[in-house]
Structures are given as C-alpha cells and as structure tokens.
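Below are some notes on the strands and the core, for reading alongside the coordinates.

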Amino acid sequence: MQRKLHALLLAFTVFFLASCSKDDDNTVASKGAYDNGYFIVNEGNFQVKAGDLSFHNYNADTLSQDNYIAVNTGSPLATTTTTLEYGTIYNGKLYLVTNFGGPLVAADEYSLKESARNSSLPANGHAFIGIDNTSGLLSTDKGIYPVTLSSLALGTKISGVTGSVGDMLKSGNYVFALSDNGILALKAGDYSVAKNLGTAIAGFAQGKDGYVYAAQTNALLKIDPATLKVDTITTTFNVRYNQYVFNSSSIVASTQENAVYVLGDDQKVYRYVSGNNSSLGSAYITLPANHYFYGKGIGYDGAKNSLVLITNASVWGNDANNTLYTYSAADASLKNTLNYTGFLYPAMVVFH
C-alpha cells in the first residue's frame with residue numbers, strides 16, 4: 001500500500017511540474033513599456049504646449065501623457081507653433097509626422113526609443129506610409145516624396161503629383177493618394193500616375209473584402225485595387241470633413257468582419273456591411289449629447305475588435321474636457337468611457 005502511495009505521489013509531482021512548465025511556456029512576455037495599449041497623437045496647444053503622445057494601457061482607467069519626450073529627452077516631436085498630426089506603425093516602427101515645420105520621426109513601437117529623424121521637410125508633412133523594407137512615402141502640401149526608412153532622408157518629389165496630398169494607402173500594385181486633384185492611383189513600382197479616380201473628401205480604409213474605401217460628401221466609394229473600378233454607394237448623411245484643418249480621414253475598416261465605419265457630421269458613426277447598401281440607412285453609434293468628434297475621431301482596435309472614438313465637449317474642439325468612448329465594433333455596445341482633461345487636441349489613435 002505504501003509503495004502504491006509513493007508511486008501515486010511521484011506521478012502527481014511529475015504531472016504538477018509538467019503543468020507548471022506548460023503554464024510558464026504560455027506566459028506572454030511584454031515587448032516593452034508601451035505594449036499593452038494604444039497611443040493617442042496629440043496636436044498640442046498653440047503657443048502654450050507642444051504636441052506629444054498619450055498612452056492608454058488596457059488595464060488602466062487613465063492616460064499617461066508626454067510619453068515621447070519622457071523617453072527621448074531633448075528630442076521633442078513638436079514645438080508650441082507646430083502641430084503633431086499623424087502617426088502609423090510599420091514594420092515595428094512608429095512613424096510620426098508634425099505639420100507646420102516637421103519633423104518626421106521613427107521610433108520603436110514598444111519602447112518609443114527614437115531611431116531616425118528628418119527635421120528639414122521641404123513642405124508641410126501630412127501622412128506617411130511604408131512601401132517595403134527600405135522605403136516609404138511622405139505626403140505634403142506640395143505633393144509626395146519618397147522616404148529612405150533607415151535615415152528618413154527624402155528623395156526627389158514624385159513627378160505628376162501636385163498640390164496638397166493627405167492620406168495614402170498601398171494595396172497590391174497601387175498606392176492610393178487623397179489629393180486636391182482627386183484620388184490618385186500610383187503604380188507601386190515607379191510611382192507614376194496610373195489613373196485619377198475622381199474627387200473625394202475622405203480615404204482610405206481597406207476592408208476585409210479586399211476593396212479600398214474612400215468617400216465623397218454623400219457617397220461611399222468602393223475601389224477594386226486590382227482593376228481600379230469604382231462603385232458609388234449613396235449615403236443619406238454628410239460624411240464628416242473639415243476643410244479648414246488637416247486631419248487623417250474619418251474612415252476605418254474591421255479586420256474581423258466585412259465592415260467599414262465612417263463618421264457622419266459631428267456625432268454619428270455609420271457602418272457599411274460589404275454588399276449591403278441598406279446598412280448605411282441609419283447611424284450605428286450616436287454620441288451622447290454635448291460630445292463631438294475631434295481630429296480623425298475614430299480608430300479601429302483589431303486586438304479588441306472595438307471602435308475608439310475621440311471626443312471633445314465643444315463642437316469646435318476648444319474645451320478642456322475630452323472623452324474616449326470604446327464601443328464593440330461587432331454590436332455597438334458601449335465597453336468603456338474614459339474622461340480626461342487638458343487642451344491636448346487629440347488628432348488620432350494609433351494601434352499596434
């Protein structure tokens with residue numbers, strides 16, 4: 001009996017140790033201080049406070065502020081007369097663009113340690129996209145410039161693209177650029193203009209269905225990135241657009257279902273389900289009274305399948321009271337509300 005008991009204890013010990021080892025193997029190590037959450041790109045307050053990054057940890061009910069300058073002492077993203085406006089993550093790097101004088105910077109997406117900076121932009125920078133392992137594109141007030149990723153040095157301005165250019169997106173063999181002269185489809189190989197797809201006020205988001213989406217004032221544009229064919233889906237609402245400021249466009253797409261989200265006016269989110277035009281017939285989400293979108297206004301968090309809405313207590317965005325609303329992208333249920341104060345002027349949200 002005692003021998004059997006010893007055997008059972010030995011078997012239990014082996015099983016327990018194996019289980020602990022398995023649990024240890026499943027432990028997900030943090031990739032850095034800025035792993036478990038997302039960034040908010042803050043424009044700053046003119047002549048008062050320079051723009052910087054807020055960070056929202058998923059496990060916290062507050063935002064940490066001025067995270068970039070805390071890591072990169074002496075290397076601010078902006079001054080009190082420039083406007084931090086755009087951010088995106090590409091191949092492990094967070095790229096940030098400051099309007100009205102630059103710079104364009106690159107930093108590790110998890111530590112925020114800066115790796116490259118270009119403080120001599122030839123024109124007001126607007127947006128950045130990565131193209132491959134060595135190159136990217138910067139849109140500006142005066143066209144588009146190729147960027148060498150390692151140094152952020154700019155090449156010669158792309159021929160055939162004039163005027164102000166904002167958001168860009170690469171899909172397949174084309175780069176789509178939102179310009180004053182319309183949606184330009186550039187050949188990804190040499191950046192020559194393949195086709196002008198017509199006017200738009202917002203773009204871009206690539207749906208799970210493979211289409212590239214943009215918008216006119218009263219229509220959603222569904223672009224086939226292989227053929228450049230454009231289908232127009234009429235809306236009963238005005239797509240959100242502010243002609244007096246530069247912000248990334250208020251349109252995002254789900255990575256988990258065939259749905260695209262676009263903002264209407266100052267308080268409503270509309271959801272387009274691919275192939276179902278009637279899905280745009282009514283608002284998917286409506287903000288509470290006295291809360292209004294600011295900046296891009298909306299972000300899609302693929303890790304949580306949620307929509308993060310940036311709002312301010314003033315329709316003009318000049319109030320110190322801000323609120324982040326997090327809604328389920330799948331059913332529009334409210335998941336979290338985070339209030340914070342300060343004239344931060346949040347431009348957009350950036351997710352890993």
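**Notes on the predicted model**

1. On one side of β19, Ala219, Leu221 and Ile223 are buried, and on the other Leu220 and Lys222 are buried, so both faces of the strand are covered. This is a predicted model. In total, five of the five residues of β19 (219-223) are buried. The split into two sets follows a general rule: side chains in a regular strand alternate between the two faces of the sheet.

2. β19 has antiparallel pairing with β18 (residues 212-216) over five bridges, and a hairpin of two residues joins β18 to β19. Ala215 is opposite Leu220 in this pair.

3. β19 is also paired with β20 (residues 230-234), again antiparallel and over five bridges. Here Ala219 lies opposite Thr234. The hairpin of β19 and β20 has six residues between the strands, and Leu228 adopts a positive phi near 70 degrees in it.

4. An open sheet of three strands runs in the order β10-β11-β12 with antiparallel pairing. β10 (125-130) and β12 (143-148) are at the edges with a single partner strand each, so one side of each has no neighbour in the sheet. Neighbouring strands are turned against each other by 25 degrees on average, direction ignored. Five bridges link β10 and β11 (residues 135-140), with Gly130 and Gly136 as bridge partners.

5. The largest nonpolar core contains 31 residues, and Phe39, Val41, Leu53, Tyr68 and Leu96 have the most contacts inside it. Strands supplying at least two residues each include β1, β4, β10 and β29. Beyond its neighbours within four places in sequence, Leu96 contacts residues including Val41, Leu53, Tyr68 and Pro103.

Key. Residues are numbered from 1 along each chain as its sequence is written. This is a predicted model: local features need pLDDT of at least 70, side-chain atom pairs count only at pLDDT 80 or more; totals for chains, interfaces and linings use all residues. Side-chain values use heavy atoms; hydrogens and water are left out. Two strands pair if DSSP finds at least two bridges between them. Helices (H or I, at least four residues) and strands (E, at least two) are DSSP runs, numbered from the N terminus. Axes are lines fitted to C-alpha atoms, for helices over the stretch in contact, and angles run from 0 to 180 degrees between N-to-C directions. A nonpolar core is a set of buried Ala, Val, Leu, Ile, Met, Phe, Trp, Tyr and Cys residues joined through side-chain atoms within 4.5 Å. Buried means under 20% relative accessible area, exposed over 50%, partly exposed in between (1.4 Å probe, protein chains only). Contact means heavy atoms within 4.5 Å.
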